Amino acid sequence: MSGIAAAGPPPLKHISVGIIGCGSRGFNLIDDFLRLPGCDITAICDVDELHHRDRPWGTGNKFGKIPAQEKVDQFYQHSLQRRTSRNVAAYADYRELLERADTDAVVIATPDHWHALCTLESLERGKDCLLYTSDAADE
């Protein structure tokens with residue numbers, strides 16, 4: 001046996017993820033996570049129920065809480081991957097999503113100025129986090 005002790009619990013075979021921010025970047029990440037075996041999206045969050053990014057209202061792709069919830073629910077209705085029959089939960093306040101005991105990790109796809117707060121509160125609640133942030137400029 002090796003003299004190196006494990007740093008923590010063993011990796012999970014299944015992970016439950018919440019998505020915070022359902023704009024265009026959030027939708028791309030939803031697509032990515034829906035394709036991962038052993039991954040289940042349990043909840044989504046966006047302050048807007050519906051919006052059309054950079055387009056006149058009613059044109060272009062739909063983003064926001066309602067379209068994201070519909071996208072995830074529709075995927076799981078037609079997939080054998082989902083382990084439960086319940087629909088994905090939808091929130092307008094990310095702190096409510098963070099209170100879920102059945103969500104192991106969160107993906108933070110909010111506008112950049114929300115990243116720090118969402119990340120710190122997620123970590124304080126024991127959630128693993130994935131976020132992308134823009135490179136900083138010194139100009």
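Contact here means heavy atoms within 4.5 Å. The model is predicted, and local features need pLDDT of at least 70, side-chain atom pairs count only at pLDDT 80 or more, and totals for chains, interfaces and linings use all residues. Residues are numbered from 1 along each chain as its sequence is written, and side-chain values use heavy atoms, with hydrogens and water left out.

**Sheet**
- Strand β1 (residues 15–20) pairs with β4 over four bridges, and I19 stands opposite V107 in β4.
- Four bridges also join strand β4 (residues 105–108) to strand β5 (residues 128–131) in the parallel sense, with V106 opposite C129 in β5.

**Helix α1 and the cores**
- A nonpolar core is a set of buried Ala, Val, Leu, Ile, Met, Phe, Trp, Tyr and Cys residues joined through side-chain atoms within 4.5 Å, where buried means under 20% relative accessible area (1.4 Å probe, protein chains only).
- In the largest nonpolar core, of 18 residues, I19, I30, I41, I44 and V72 touch the most other members.
- Helix α1 gives the most to this core, with five residues.
- Leaving aside neighbours within four places in sequence, I30 is in contact with I19, I41, A68, K71 and V72.
- A second, separate core of eleven residues includes I20, A43, Y91 and V106.

Notes
Pairing = 2+ DSSP bridges. Helix = DSSP H or I, 4+ residues; strand = E, 2+ residues; numbered from the N terminus. Buried < 20%, exposed > 50% of the residue type's maximum accessible area, 1.4 Å probe, protein only.
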